[in-house]
Amino acid sequence: MPTPSLRKRLAEPGPIIITGAHSAISAKLVEEAGFDGVWASGFEISASRCVPDANILTMAENVEAARQMAEAVSIPVIADCDNGFGNAINVIRTVREYEKNGIAAICMEDNIFPKRCSFYAGVKRELASPEEHAGKVKAALDTRESDEFLIIARTEALIAGWGMEEALKRARMYADAGADLCLIHSKSKTADEVTAFARHWDRETPLMAVPTIYKETTADELNEMGYRIVVMANHAMRSSIKAMQTTLKALHDQRKPAAADPYVVPLEEVYRLVGVTEMKDQEKSYLPAGTQDVRAVILAAGSGEKLLPLTENTPTCMLDIKGKSILERQVEALNALGIKDIAVVRGYKKDAIDLPNLRYFDNDDYENSGELASLLAAREFLTGRTVVLYGDIVFEPHVLESLLQSEAPVTLAVDRSWTEHQGKAGLPSRPDLVQLKNPASAGSRQLNLDGPTGVTKVARGIDAGAADAEFIGMMMLSPEGTERVLSLWDKLAEKSGAFHESDNVKSAALTDLLSELIAQGEEVAGTEIYKGWMEVDSFEDYRRVWAGLKK
């Protein structure tokens with residue numbers, strides 16, 4: 001973004017009020033408060049590094065701080081460059097570095113190198129000769145690439161106690177050397193010195209003031225005297241120090257984070273200031289579809305009666321398999337692919353499901369309702385891309401990875417190995433089976449690598465020999481698919497009578513929902529996998545999973 005024109009603003013009436021900052025976020029706050037510009041304060045930048053304002057930081061450190069501020073705002077940044085970081089030769093590089101980094105103006109004072117802060121009491125203070133400082137001004141003017149980059153000459157003659165005549169002499173020399181503005185610094189408790197200076201000023205060069213000590217004088221009053229730019233130099237930093245001291249004391253005394261609540265902004269305010277919303281928009285525009293905004297809902301409300309007595313006091317999802325519960329394994333698998341926003345729908349022995357960093361929804365009527373009712377128990381969570389999975393399956397990472405590649409509204413993970421093991425002992429008595437639009441020949445291990453294929457039917461009542469694959473209990477909903485499911489539920493909620501393979505909508509399984517979507521002409525796709533998952537629906541399943549997992 002081009003540097004805003006400070007010179008153009010100088011041509012307009014009224015005071016230009018700028019305020020001190022030391023970082024990108026403090027500059028952002030200055031801009032949001034409505035000020036005309038940012039004062040990249042040497043005092044603040046030094047203090048933020050916990051060192052005195054005495055040329056201890058290098059020019060490179062100061063210019064980097066100013067650059068960060070300029071990048072964060074769209075108002076002019078004026079950099080406090082102390083004495084130019086050396087003699088006229090050093091000033092040449094100072095000008096080049098600040099101008100190319102988007103700074104609108106630099107201000108150089110006639111202190112010697114190393115400088116001392118104007119307000120430090122009891123420190124030795126000397127000034128460079130006015131001839132030397134005028135030479136720096138000329139070097140800066142000769143070096144700058146554009147007249148839009150302003151050179152401000154500051155005299156410390158009043159601060160050093162050298163009197164009004166010396167201050168006027170120096171400022172006139174700097175103005176005559178071509179300075180765009182002259183800053184007259186004073187530590188008088190009233191505006192008497194800057195008032196007298198302005199009364200005797202006989203050059204066209206605009207004046208600039210920093211009323212830190214004569215603090216009752218307003219910017220408008222200074223403007224009437226002839227001061228075009230007024231700097232509120234360091235108040236934001238000083239207020240932040242006071243706020244941090246108050247907050248830290250409260251935390252230390254009360255020993256809990258809530259003690260800071262009266263003194264801090266919500267995290268969301270920090271997110272806004274640093275541009276989290278813009279970053280999300282950029283991710284949507286430029287990053288490939290992945291897991292950035294994917295959520296997961298785990299349906300774990302069932303009683304697991306086929307697993308008794310294992311599930312007498314433990315819901316199926318919390319059964320231990322070699323040191324980890326099924327739910328822990330599912331959460332690890334989801335997290336490994338970047339899915340952190342996970343909800344679990346609980347029912348049977350719900351208090352036993354208490355893993356951290358998960359959201360919980362309850363289906364307390366789990367004994368009289370089905371998987372669809374459990375899914376809708378988490379309705380407020382259902383938004384955007386959502387993975388839905390049964391709470392009694394364990395799976396290898398590639399299963400979930402394959403599912404996440406789909407952009408179809410509704411995609412099921414379907415196991416093609418069904419065509420090999422159908423009818424064998426130990427399998428579920430009524431598995432969720434599917435028929436596909438373009439299935440490979442029975443017994444073939446070939447998978448459809450061109451992406452998901454259409455699902456024409458999903459049900460428990462499909463004849464084993466007529467099924468092309470088994471639905472493993474994991475599906476992916478696109479944002480559009482999620483909306484379609486919720487819309488369908490709204491239409492069906494009051495429906496009476498049988499609903500596909502269930503007695504009614506309340507007791508409906510997930511497969512009933514999928515059957516209804518297909519019946520209404522909605523696109524339901526299947527991502528084909530070959531094994532890589534196991535269900536824990538019976539004691540035999542549990543024994544087989546325990547034996548099959550290596551760790």
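1. Setting aside neighbours within four places in sequence, Leu 375 is in contact (heavy atoms within 4.5 Å) with Val 297, Leu 299, Leu 382, Val 388, Val 485, Leu 510 and Leu 513. This is a predicted model, in which local features need pLDDT of at least 70 and side-chain atom pairs count only at pLDDT 80 or more, while totals for chains, interfaces and linings use all residues. Residues are numbered from 1 along each chain as its sequence is written, and side-chain values use heavy atoms, with hydrogens and water left out.

2. A nonpolar core is a set of buried Ala, Val, Leu, Ile, Met, Phe, Trp, Tyr and Cys residues joined through side-chain atoms within 4.5 Å; buried means under 20% relative accessible area, exposed over 50%, and partly exposed in between (1.4 Å probe, protein chains only). The largest such core has 69 residues, of which Leu 327, Leu 375, Val 387, Leu 412 and Met 474 touch the most other members. Strand 19 (residues 469–477) supplies the largest share of this core, 7 residues. Another core, of 56 residues, lies apart from it and includes Ala 40, Ile 103, Leu 141 and Val 230.

3. Helix 4 (residues 59–72) and helix 5 (residues 88–100) pack with their axes 10 Å apart, at an angle of about 25°. They are therefore roughly parallel (angles under 35 degrees). Helices here are DSSP runs of H or I, at least four residues long, and strands are runs of E, at least two, numbered from the N terminus. Axes are lines fitted to C-alpha atoms, for helices over the stretch in contact, and angles run from 0 to 180 degrees between N-to-C directions.

4. Tyr 271 belongs to helix 11 (residues 267–274). Its relative accessibility is 37%, so Tyr 271 counts as partly exposed.

Definitions and conventions
Parallel < 35°, antiparallel > 145°, perpendicular 65-115°, else oblique.
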